[in-house]
Amino acid sequence: MLEERTSILIVGGGLGGCAAAMAASSLRIPTILTESSDWLGGQLTVQAVPPDEHRWIEQQGCTRRYRAFREAVRDYYRRYYPLTDTARADPYLNPGGGWVSRLCHEPKVALAVLNAMLAYPQMAGWLKVWFQLRPLGVLTDGDFVRAVRFALTPSPSPTRWERGADVDEEVVIYADYVLDATETGELLPLAGVEYVTGAEAQRDTGEPHAKSEPQPLNMQAVTWCFAMGYDPKGDHTIAKPARYEWWRAFQPPFWPAPLLGWVDVHPVTLQPRRWSLFGEEGTPALFTYRQIVNPKLYPPEVAPLPVTIVNCPQNDYFLGPLFEVSEQEARQHWQGARELSECLLYWLQTEAPRPDGGVGYPGLHLRPDITGTPDGFAKMPYIRESRRIKARFTICEQHVSAAARPGKTLAEPFPDSVGVGHYRIDLHPSTGGDTYLDIDALPFQIPLGALIPLRMRNLLPACKNIGTTHITNGCYRLHPVEWNIGESAGLLAAFCLLRGVEPHQVYETPALLSEYQNLLRSQGIQLEWDF
């Protein structure tokens, strides 16, 4: 068994974990960042989800480091890709041209930029990054976490039911502060931290759209994304998936047609909506929705074929949760999510109605080089909802919903703000049988109280496991907000070490809170909206 000691241990190498590592190591605090796969970047890379951002992102509403990341992505394309002069000169270059975001790009480019941003602190000796470490257990002493025990596994993308199998070695890392930046809040049950999952009851949160009774297994859909190119002259039809006929006939009760089809539910109006592959007859275009390779940005003689990431209503999997259930059930749903995406690809290749009256687009094909996997499917499914700490303060619908604050242009102000963000309250169909909940939210702040556990004194959440509800998770789970949460959590741990205080003292003591917020501002973290 290998043992290591550090000041700050960050478990999970997603966007929150990476941002926390950048922040803590910038203050020369010895930090270790662990990741269970072989890639950093979480939802942006391992899960292959192009960034979802708000409409002010080019001017404000993110941290300085997140802005540097975005610009570095653009510069990567300008430096290394044979763009046209017009594309290269565009200050707001969207490399993929997808319309879900102002910055659709390849996962591998995001990975290259994140690795570059973390290179100097590693060289300087302030940061270590360890891959393929899965948390197995947590050593606690009362209200403190003393160490985390990991399995070092040869599998680059291990699943949760593989614990105890294929373990090369166990690693124990002792730390003064531990940040949980895992995709599902894995450390919370291991450390005995008080947490919630799924949907809360209205009597507990006061939220207008909350349930009458708590439903802890009622979680948002997950999506197993895949990278899909299009070669109009080719035939790349995959083998028919074993359960294709079952998925082809499957129609959720709140869906107007079979799930594998061009007709879905508009998330806001809940009325039927028709898609197409390339936007024929004015319908939304599935291909360009999350397109990450745009041939129009290149001279014709070197233009690549287009590539998109398929993350759409038709491959949202909501038949059951991936955690808080038995290993057998977790395996079933994990495989079911992957199976659904395979069936969607096969349907698109063989049965999707075309505007010319034919069916199927056999030229659609997987792009393994894009996802860093053997088959073109993401290394992990996109997980929208995590375990969430029971926090000193819980962000509820009435704090951020536009309907709950008539006449207001901003969400409820928080004097303990550690950042800002914006996104609609966007809940996808859920494992409890619910359809979409998609309602307008106001530009909001991230309160420090949502990062402070009720009891534990040196464990902090660093991504979408903060004190939100099932409903407000829908607007606090996106890329720039997760980054901001991680960065602020990393600086909080570093601040506490440098000042000899604990997080709950910073939350409770006005002078310490002011000093900490000044540190955040000096590091380029926006605490209030500028309008």
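The lining of the largest cavity in this predicted model comprises eight nonpolar, three polar and two charged residues. That cavity has a volume of about 70 Å³. Of the 13 residues that line it, the ones nearest its centre are Met219, Gln220, Val222, Pro321 and Leu322.

Let us stay with Pro321 for a moment. Where is Pro321 placed in the chain? Pro321 belongs to the loop that runs between strand β14 (316-317) and helix α10 (327-350). Is Pro321 buried or exposed? Its relative accessible area is 7%, under the 20% cut-off, so Pro321 counts as buried. Leaving aside residues up to four places away in sequence, Pro321 touches Leu217, Met219, Glu329, His333 and Thr431.

How many cavities of 30 Å³ or more does the search of the whole structure find? There are two. The second largest cavity holds about 30 Å³ of space. Its lining consists of Ile452, Pro453, Met456, Arg457, Leu459, Leu460, Pro503 and His504. Strand β22 (459-461) and helix α15 (503-508) are the elements that each contribute two or more residues to that lining. By class, six of the lining residues are nonpolar, one is polar and one is charged.

Next, consider helix α14, which covers residues 479-499. From first C-alpha to last, the 21 residues of α14 reach 30 Å, close to the 30 Å expected at 1.5 Å a residue. Because 18 of those 21 residues are buried, α14 is largely enclosed by the rest of the structure. Just after the helix, Gly500 adopts a positive phi of about 70°.

Finally, I draw your attention to Lys379, in the loop between α11 (368-371) and β16 (382-383). Lys379 is a buried residue, with a relative accessible area of 7%. Which backbone atom lies 3.1 Å from a polar atom of the Lys379 side chain? That atom is the backbone oxygen of Gly372.

Terms used:
Residues numbered from 1 in each chain as written. Predicted model: local features only at pLDDT ≥ 70, side-chain atom pairs only at ≥ 80, totals over all residues. Heavy atoms only, no water. Helix = DSSP H or I, 4+ residues; strand = E, 2+ residues; numbered from the N terminus. Buried < 20%, exposed > 50% of the residue type's maximum accessible area, 1.4 Å probe, protein only. Contact = heavy atoms within 4.5 Å. Expected span 1.5 Å × (residues − 1). Polar contact = N/O pair within 3.5 Å; in protein donor to acceptor, adjacent residues only side chain to side chain. 1 Å grid on protein atoms, 1.4 Å probe; cavity = no way out; pocket = protein on both sides within 12 Å on 5 of 7 lines; lining within 4 Å. Points joined across faces, edges and corners; volume = space filled by probe spheres on them. Nonpolar A, V, L, I, M, F, W, Y, C, P; charged D, E, K, R; others polar.
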